[in-house]
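Dear colleague,

I am handing over the structure below, and after it you will find what came out of looking through it. Please keep it open beside this email while you read.

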Amino acid sequence: MAVEMVRFKNIGLRGVTVADTKISYIDGENGVLIYRGYRIEELAERSTFMETAFLLLNGRLPDKSQLERFEERVLQARELPGFILESMEKFPRRTDPMDVLESCVPMLAMADPELSDDSREANVRKAIRLIARIPATIAAWNRIRNGQKPLPPESALSHAANFLWQLSGQKPTEEIARDLDICLVLHADHTFNASTFACREVVSTNAHMYAGVAAGVGALSGSLHGGANERVMKMLLQVESELASVDDVGPWVKNTIDSGRKIMGMGHAVYKTFDPRAKILKEMSRRLTREAGHPEWYEYLVKIEEEGIKEFSARGKPGINTNVDFYSGSVYSAMGIPVDIMTPIFAISRISGWCAHIIEEKFAEAQEKPALYRPEAEYVGNYCGAVGCAYESMDARG
Ligand SMILES: CC(C)(COP(=O)(O)OP(=O)(O)OC[C@H]1O[C@@H](n2cnc3c(N)ncnc32)[C@H](O)[C@@H]1OP(=O)(O)O)[C@@H](O)C(=O)NCCC(=O)NCCS
């Protein structure tokens, strides 16, 4: 009797709950994102990235002295070990910053004096070092690849301002530093997305935090995940150069979808309505692109968004809206940040969420998560029964 199988019901683990988490929650139907119970809109307006990172790692908002101590510890950890800078000097100059980051995370592990201590307290200290050193790594690489010397951190500057200073050698205005800080708050966590799940999957084997983070960086680099923001910016620049005016955006959107290409920055695996982060970034993009002398970037983006939503609805796919990556590229470009540093900025923020999830993964109660993630796959390859296929000698192979 033939066995009928319902295959790929949950392809890509969509809709499958694999663990409990207390860190963040998305209501994809209603466009809601919360970190540890707090709405993203309120955190973006009233919190800072340092406070949000503390919240994600510790499960509660800090009081004044706890926040000051946390900020001081991040500040103290900003300096990169010399051997990492020396290694970077030997990297090919054209290396993508995400590849540099992915290679440097294990080097940060080598430099960690507490690597073999897997206690909760030691993991929180490792998280603080990673939060401090990921921006330093990216900024140093940007200098080195341009033939410049990496800059030492500036203790008077906030986390976001210091990154912009170490990246470009220019101290940003307070407004720009605050805008970047808000972007970091917005990107800090997003439940079991691809990179966070990669981190958790790796440390579920008892691997250390840095092994998990290296996997997270790799997952984030892909164009369907964190890599989308720079692809949106490339798409925007291409549209701007190829189209005569925004009036041509409608046919361009139709043609892009017809030819099977993606409108970058639209659609989401979980949100089936607006992404609350995109709303905040949209307003920031409107303001910053105007200030930077590129109001047309915003105009093109708004038109692509409008035409995209209309077109997807007409094709029976009404839930496809703009996501977090759609407006962030124009925001970073307006700040003067190079296109290939946009995905690394995602990592500068998401490191806080990754570390919170890694700690949760390592210390959750047994009933809250599996000891080790181990999904099944449907085998659809050659099969010759239990005896196996006949192994032919080299001469006999056609
Ligand atoms: C994020 C993404 C991978 C989600 O994929 P998904 O969950 O499979 O998306 P959906 O199930 O909503 O897609 C349904 C259909 O819409 C299409 N679709 C989704 N997003 C699209 C986009 N941005 N452009 C064109 N078509 C899109 C899919 O190809 C699919 O078409 P099909 O049914 O004919 O095969 C997808 O929307 C995408 O690739 N977006 C562009 C990249 C991006 O912005 N990534 C950042 C995410 S934060």
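Helix α6 (residues 120-145) passes α16 in a right-handed crossing, where a crossing is called right-handed if the near helix is turned clockwise from the far one by less than a right angle, and left-handed if anticlockwise. Before going further, please note that this is a predicted model, in which local features need pLDDT of at least 70 and side-chain atom pairs count only at pLDDT 80 or more, while totals for chains, interfaces and linings use all residues. Residues are numbered from 1 along each chain as its sequence is written. The helices are DSSP runs of H or I with at least four residues (strands are runs of E with at least two), numbered from the N terminus.

The axes of α6 and α16 come within 9 Å and cross at roughly 170 degrees, the axes being lines fitted to C-alpha atoms over the stretch in contact, with angles from 0 to 180 degrees between N-to-C directions. The two helices are therefore roughly antiparallel to each other, a term for angles over 145 degrees, whereas under 35 counts as roughly parallel, 65 to 115 as roughly perpendicular and the rest as oblique. On the α6 side the contact includes Arg120, Asn123 and Val124, and on the α16 side it includes Lys362 and Phe363; two residues are in contact if their C-beta atoms, placed from the backbone, lie within 7 Å. By class, this contact has 14 nonpolar, two polar and two charged residues, where Ala, Val, Leu, Ile, Met, Phe, Trp, Tyr, Cys and Pro count as nonpolar, Asp, Glu, Lys and Arg as charged, and the others, Gly among them, as polar.

Helix α16 (residues 342-363) also packs with helix α11 (residues 228-242), at an angle of about 150 degrees and with the axes 7 Å apart, so this pair is roughly antiparallel as well. Here too the crossing is right-handed, and the contact is made by Asn229, Glu230 and Met233 of α11 together with Met342, Thr343 and Phe346 of α16. These residues divide into three nonpolar, two polar and one charged.

Another pair is α14 (residues 295-314) and α15 (residues 324-334), which pack at about 170 degrees with their axes 11 Å apart, and that makes α14 roughly antiparallel to α15. Trp297, Tyr298, Leu301 and Glu305 of α14 meet Phe326, Tyr327 and Ser330 of α15, a contact with five nonpolar residues, one polar and one charged.

The chain as a whole is divided into domain 1 (37-227 + 339-368) and domain 2 (249-334), with bounds that come from an automatic or database domain assignment. Their centres, taken over C-alpha atoms, are separated by 27 Å, and nine residues of domain 1 are in contact with 11 residues of domain 2. On the side of domain 1 that touches domain 2, α1 (40-46), α8 (174-187) and α16 each supply at least two residues, and α8 gives the most, with four.

Finally, 16 residues surround the ligand, and the closest are Ala228, Lys262, Met266, Gly267 and Asn323; a residue counts as near if its C-beta atom, placed from the backbone, lies within 6 Å. This shell has nine nonpolar, four polar and three charged residues.

With best wishes
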